[in-house]
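Subject: Structure handover and findings

Dear colleague,

Please find below the structure that I am handing over to you. My findings follow after it.

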Amino acid sequence: MNNALAALEARRAAVQLQISSLGDMRSGSISSTGGKCGTPRCHCHQPDDPGHGPFVRLTRKMKGKTVTESFATPAALRKAQREVEEFHRFRQLSHDLLEVNEQICQLRPVEETLTPQEKKRSKRLNAKSPRK
């Protein structure tokens with residue numbers, strides 16, 4: 001095995017180790033919203049009023065549908081932020097793992113051993129057909 005292949009395999013093992021140490025994760029993004037409500041006599045419709053909010057929400061796709069989750073406490077928000085950050089780290093590590101595997105596949109030599117079925121197939125392909 002050449003040095004480049006050994007180095008790539010070591011890099012792959014390091015990425016796999018990082019993936020195995022990931023904690024709780026969830027997909028989605030966290031954003032804040034706010035604005036005016038639908039009640040015309042509410043304070044939010046007064047000039048120079050900032051409106052309601054900000055409301056922080058987690059938005060993600062589940063089974064093809066967009067799902068939004070609000071947080072009851074600041075602790076719940078911090079927990080969700082950690083989980084989303086961990087998911088983003090997982091995505092980056094997955095990308096790194098695929099990238100290093102592509103390089104390994106390109107460098108790894110082709111094995112020249114044929115299975116018994118492949119040998120039969122190559123004999124049939126090389127056999128001359130009888131003349132008519």
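Is Arg-89 buried, partly exposed or exposed? Arg-89 is partly exposed, its relative accessible area being 36%. Please note that the model is a predicted one.

Confidence

The protein chain has a mean pLDDT of 89, and 91% of its residues reach 70 or more. Within the chain, confidence is highest in helix H2, at a mean of 96, and lowest in helix H3 (residues 116-126), at 70.

Salt bridges

Seven salt bridges are present in the structure. One of them pairs Arg-26 with Glu-83, with 3.2 Å between the closest N and O atoms. Arg-26 belongs to the loop between H1 and E1, whereas Glu-83 belongs to helix H2, so this pair ties together parts that are 57 residues apart in sequence.

Lys-79 is partly exposed, with a relative accessibility of 41%.

A further salt bridge links Arg-89, the residue of the opening question, to Glu-86, the closest N and O atoms being 3.6 Å apart. Both residues lie in helix H2, three residues apart, and are thus separated by about one helical turn. Glu-86 is buried, with a relative accessible area of 17%. Salt bridges with shared partners join Arg-26, Arg-60, Glu-69, Lys-79 and Glu-83 into one network.

When neighbours within four places in sequence are left aside, Glu-86 is in contact with Leu-22, Gly-23, Asp-24 and Met-25.

Aromatic pair

There is one aromatic pair in the structure. The ring centres of Phe-87 and Phe-90 are 6.4 Å apart and the ring planes stand at 35°, so the pair is tilted. Stacked pairs would need planes under 30 degrees apart, and edge-to-face pairs over 60. Both residues lie in helix H2 (residues 74-107), three residues apart, or about one turn of the helix. Phe-87 is buried, with a relative accessible area of 17%, whereas Phe-90 is partly exposed at 29%.

Backbone features

Which residues does a cis peptide bond join? The bond lies between Gly-53 and Pro-54, and omega is about 5°. Pro-54 is part of strand E2 (residues 52-62).

Two residues other than glycine have a positive phi, as follows.

- Asp-48 has phi near 65°. Asp-48 lies in the loop between strand E1 (29-35) and E2, and is exposed, with a relative accessible area of 82%.
- Lys-63 has phi of about 55°. Lys-63 is placed in the loop between E2 and strand E3 (65-70), and is exposed at 87% relative accessibility.

Helix H1

Ala-7 lies in helix H1 (residues 3-20) and is partly exposed, with a relative accessible area of 48%. Ala-7 and Ile-104 are 97 residues apart along the chain, and their C-alpha atoms are separated by 9.6 Å.

Yours sincerely

Technical notes:
Residues numbered from 1 in each chain as written. Predicted model: local features only at pLDDT ≥ 70, side-chain atom pairs only at ≥ 80, totals over all residues. Heavy atoms only, no water. Phe/Tyr/Trp six-rings, centres within 6.5 Å; stacked < 30°, edge-to-face > 60°. Helix = DSSP H or I, 4+ residues; strand = E, 2+ residues; numbered from the N terminus. Buried < 20%, exposed > 50% of the residue type's maximum accessible area, 1.4 Å probe, protein only. pLDDT = per-residue confidence, 0-100. Contact = heavy atoms within 4.5 Å. Salt bridge = Lys/Arg side-chain N within 4 Å of Asp/Glu carboxyl O.
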